[in-house]
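Here is a short note on this entry, for discussion. Please read it with the structure open.

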Amino acid sequence: MTSQQLQLILGMAFVTYLPRVLPLLVLSNRSIPDKVSKWMSFIPVSIFSALIFSDIFFWKNQFNINPIINIKLLPSILVFFVAYKTKNLLLSMVFGITAITLMVYLV
């Protein structure tokens, strides 16, 4: 391993570690306002939505909202309603896997 590679690894570790530790050090002795805390609670849901929406709405490398052609759209809509009604992550996940499996095998 050359010194340049070592410097690169250490630099990447520093850049990765810094954004995690810095907010912890700055905010550890302070109370976060309720509005900011509530706003931060939506970050995981937003990230998850951004990750799955592109997979749901793009079928065969094209944006498609036709549930007859895009077989992932109908199970996604059903899972949305199951998740909304039950608010149970495990049940929603099992229902979604079952629904998409059935759609893939039936279509």
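This is a predicted model: local features need pLDDT of at least 70, side-chain atom pairs count only at pLDDT 80 or more; totals for chains, interfaces and linings use all residues.

The points below go from fold to surface, then to the annotated segments.

1. Secondary structure. The chain holds five helices and two strands. Their order from the N terminus is α-α-α-β-β-α-α.

2. Overall spread. The radius of gyration is 21 Å, whereas the globule rule gives 13 Å for 107 residues, so the chain is more spread out than a compact globule. Along the principal axes, the C-alpha atoms fill a box of roughly 55 × 45 × 25 Å.

3. Of the 107 residues, 12% are buried. Among contacts with a separation of 6 or more, 23% join residues 24 or more positions apart.

4. Annotation. The unreviewed UniProt entry carries "transmembrane region" over residues 6–27, 39–59, 65–84 and 89–106. These ranges come from the record, and such annotations may be inferred rather than shown by experiment.

5. Two of those segments in the model. Residues 39–59 are 86% helix and 10% strand. The end C-alpha atoms of that stretch lie 32 Å apart. Residues 65–84 are 60% helix and 0% strand. Here the end C-alpha atoms are 21 Å apart.

Definitions and conventions:
Residues are numbered from 1 along each chain as its sequence is written. Side-chain values use heavy atoms; hydrogens and water are left out. Helices (H or I, at least four residues) and strands (E, at least two) are DSSP runs, numbered from the N terminus. The radius of gyration is taken over C-alpha atoms; the globule rule is 2.2 Å times the number of residues to the power 0.38. Buried means under 20% relative accessible area, exposed over 50%, partly exposed in between (1.4 Å probe, protein chains only). Contact means heavy atoms within 4.5 Å.
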